[in-house]
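Me: I would like a close look at a single part of this structure, taken slowly and residue by residue where that helps.

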Amino acid sequence: MSVGSPLIYRPSFAQRTMAVLLFAGSWLVGVRALAQILERLPVLRASLKVAEAAGEPTWSFWIAIVAAFGAVVAGSLLLLATLLGLLLVEGSQVLVDEMGLSVEHNALPASLARKLGAGRLLWKRISRLERSGPFFVLRGGGEPGHTGPKDPTLRFLMVDHLERLILTVLERSPNLRHED
């Protein structure tokens, strides 16, 4: 491999399509659930007024209303999580060259991308390769006696030819420690 031609690992078409379908499905389910709740809200309100007029306890109606809005909030958070996952899959790429490895999350703002694992590590600085939840994680700090800025922790979700990328990291990183 020459110095001027880095290998680029990106998610495959199937992986990107699956992420888009997951996000679209989550969005459609969330919109439909919100529409059903708003549709049934007048019925719940009328039932609440009838129960109050009859002197019946209304705590079960309030629990139903709070649970419905709690479900909307939880669904919104899940929708945001799937959107973040979609952006991580669509905009992520791993560049491998003679000097090291870099992870880019192009679809995210720079500060958020750095927090989610974008950055660059030299081969001799890679100290650990591990799996953390859905992410593959590369940690820095592999060269003993190094002083300077703290190494970033690189994270990526999935890329095409992942096995080849992991084997390349294992071959080229002299200070890599890994645990089963």
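In what order do the strands of the open sheet of three strands lie, and is their pairing parallel or antiparallel?

Reply: In this predicted model, the open sheet has its three strands in the order β5-β6-β7, and their pairing is antiparallel. Because β5 (126-132) and β7 (154-156) stand at the edges and each has a single partner strand, one side of each is left without a neighbour in the sheet. Neighbouring strands of this sheet are turned against each other by 15 degrees on average, if direction is ignored. Strand β6, residues 135-140, is joined to β7 over three bridges in the antiparallel sense, and Phe-136 stands opposite Phe-156 in β7.

His-161 is partly exposed, with a relative accessible area of 46%.

In α4 itself, Leu-165, Ile-166, Thr-168 and Val-169 are buried, and they lie on the same side of α4 because they cover an arc of only 155 degrees around the axis. As a general point, an α-helix has 3.6 residues a turn, so residues three or four places apart point the same way. On the other side of α4, by contrast, Glu-163 and Glu-171 are exposed.

Terms used
Residues are numbered from 1 along each chain as its sequence is written. This is a predicted model: local features need pLDDT of at least 70, side-chain atom pairs count only at pLDDT 80 or more; totals for chains, interfaces and linings use all residues. Side-chain values use heavy atoms; hydrogens and water are left out. Two strands pair if DSSP finds at least two bridges between them. Helices (H or I, at least four residues) and strands (E, at least two) are DSSP runs, numbered from the N terminus. Axes are lines fitted to C-alpha atoms, for helices over the stretch in contact, and angles run from 0 to 180 degrees between N-to-C directions. Buried means under 20% relative accessible area, exposed over 50%, partly exposed in between (1.4 Å probe, protein chains only). The arc is that of the directions from the helix axis to the C-beta atoms.
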